[in-house]
Amino acid sequence: MDDGFTTRAIRAATRVPRVDQPPSSVPIYQAATFASADAEELGDVTTGRQPGYVYARLGNPTVDALADAFAALHAADAGFAAATGMAAIHLAVTSQVAAGDRIVATRALYGTTRSLFSTVLARAGVATTFVDVTDLVAVEAALTAAPARILYLETISNPTLVVPDLAALASLAHRHGATVVVDNTFASPYLCRPLALGADLVVESATKYLSGHSDVLAGAVAGSRPLIDAIRALHVDTGGTLAPFSAFLVLRGIPTLALRMERHAATAAVLAELLEGAPGVEQVWYPARPSHPQHAVAARQLAGGGGMLAFELAGGAAAGRTFIDALRIPERTASLGSIHTIVVHPPSTTHRQLTPAQLADAGIAPGLLRVSVGLEDAADLVADVQGALAAARAAVGATPATPAIP
Ligand SMILES: Cc1ncc(COP(=O)(O)O)c(C=O)c1O
């Protein structure tokens with residue numbers, strides 16, 4: 001007897017084509033489930049006795065291709081890709097800690113990561129001590145004060161662009177038995193490979209430079225096989241699974257990472273020089289400028305200055321607001337590492353979770369502006385920034401207008 005219409009329709013529409021020639025890009029395996037030939041294979045694949053796929057939270061070929069690519073970029077044994085950068089950070093940290101453990105973290109930290117440590121993990125009984133990681137004596141004191149499971153760092157910090165000495169800090173942490181986790185989002189694997197400097201896990205928001213086009217959220221972690229196996233197991237229980245299409249978009253960005261990073265950095269260097277010499281600019285932070293507080297570390301540790309810079313205008317937050325509103329080309333939004341130049345005022349956006357005291361502790365001045373330099377033509381950005389600086393100077397210098405007589 002012939003099968004009914006719907007049975008035939010399901011079978012007809014889910015027949016997977018045989019492809020003998022490998023495609024030039026990784027296909028999007030948009031499937032929640034993968035069927036086994038028999039019950040024994042299903043049991044073996046589900047329990048990991050046999051490699052393969054069953055259910056996409058346990059593994060998906062497109063997502064695994066991204067995990068492997070990220071591991072390869074960092075010359076790591078293994079990698080894992082997650083739904084967002086925060087999901088990746090959460091996995092990297094919570095796969096290592098339990099109630100009663102302690103973390104020592106850089107105080108120059110992305111706002112949501114700080115919030116993860118000081119609220120979510122604190123509630124779960126994991127305490128965090130925030131330190132100035134450019135001060136090795138202070139870090140050693142924090143590691144000595146009580147046992148620490150993790151030393152948590154950012155290669156180039158968000159938003160103040162602090163560049164800690166990763167090799168020195170990793171060997172210090174290892175002497176005290178701590179695992180070193182480094183958020184490499186601002187640098188990308190093109191500028192820095194923290195595992196080669198002694199870190200145990202490197203994590204990135206792939207939402208940023210890896211994908212590069214402001215069209216996807218994703219995160220990735222790389223490190224030794226046992227550390228990544230622990231992350232993979234934790235993820236099975238917690239979810240936060242990356243969608244195959246999102247993995248495809250990040251994979252699509254990776255081949256042009258070097259080209260984009262070179263262009264981001266070339267334009268950022270021009271803008272940093274312009275800002276540093278401009279009237280009305282109090283301070284500029286750009287790792288490749290000799291004025292950067294950790295310039296020597298940056299020169300040793302980074303393959304260039306990168307695409308991020310920060311600066312402070314005379315006139316504080318009010319001047320900053322005028323500057324941002326006067327810009328024509330950059331997007332006024334959060335995020336970074338995009339084709340678009342993006343300008344933000346961190347205290348009211350990316351670091352809004354921080355109290356005024358925490359902002360001060362993180363070195364974030366009330367008027368700080370952060371720029372993620374995009375891929376637009378440098379001359380256009382220069383003209384735009386010059387115009388916005390003039391607008392900010394005029395606003396700060398302007399005497400209040402005489403009220404009109406009605
Ligand atoms: C340094 C840094 N780490 C992690 C994240 C979190 O990434 P996601 O937004 O993909 O969760 C961000 C986001 O801005 C970031 O700037």
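Modeller: Start with contact: two residues are in contact if their C-beta atoms, placed from the backbone, lie within 7 Å. A residue is buried if 20 or more other C-beta atoms lie within 10 Å of its own, exposed if 12 or fewer, and partly exposed in between. Helices (H or I, at least four residues) and strands (E, at least two) are DSSP runs, numbered from the N terminus. This is a predicted model, where local features need pLDDT of at least 70, side-chain atom pairs count only at pLDDT 80 or more, and totals for chains, interfaces and linings use all residues. Residues are numbered from 1 along each chain as its sequence is written.

Biologist: OK, what do the buried residues of H11 pack against?

Modeller: They pack against helix H8 (188-191), strands S8 (281-285), S9 (308-313) and S11 (368-372), and helix H15 (378-397). Among the buried residues of H11 are Arg260, Met261, His264, Ala268 and Leu271.

Biologist: Why would residues three or four places apart point the same way?

Modeller: An α-helix has 3.6 residues a turn, so residues at that spacing point the same way.

Biologist: And how far apart are the end C-alpha atoms of H11?

Modeller: They are 28 Å apart, which agrees with the 28 Å that the 20 residues of H11 (257-276) should span at 1.5 Å a residue. The expected span is 1.5 Å times one less than the number of residues.

Biologist: Which strands does H11 lie across?

Modeller: H11 lies across S8, S9 and S11, and runs at about 150 degrees to S8. For such angles, axes are lines fitted to C-alpha atoms, for helices over the stretch in contact, and angles run from 0 to 180 degrees between N-to-C directions.

Biologist: What is the strand order in that open sheet?

Modeller: The order is S8-S9-S11-S10, four strands with antiparallel pairing. S8 and S10 (342-344) are at the edges with a single partner strand each, so one side of each has no neighbour in the sheet. From one strand to the next, the twist averages 20 degrees. Two strands pair if DSSP finds at least two bridges between them.

Biologist: How many bridges join S8 to S9?

Modeller: Four, and the two strands run antiparallel. Val281 is opposite Leu313 in S9.

Biologist: New topic. Is S4 mostly covered or uncovered?

Modeller: S4 is mostly covered, with five of its five residues buried. Ile150, Tyr152 and Glu154 are on one side, and Leu151 and Leu153 on the other.

Biologist: Which strands pair with it?

Modeller: S2 (residues 102-106) is joined to S4 by three bridges, running parallel. Ile103 has Ile150 in S4 as its bridge partner. S5 (residues 179-183) also pairs with S4 in the parallel sense, over five bridges. Tyr152 is opposite Val181 in S5.

Biologist: Is Leu161 buried or exposed?

Modeller: Leu161 counts as buried, because 24 C-beta neighbours are inside 10 Å. Ser335 also has a positive phi, of about 75 degrees, without being a glycine. Ser335 is partly exposed, with 17 other C-beta atoms within 10 Å.
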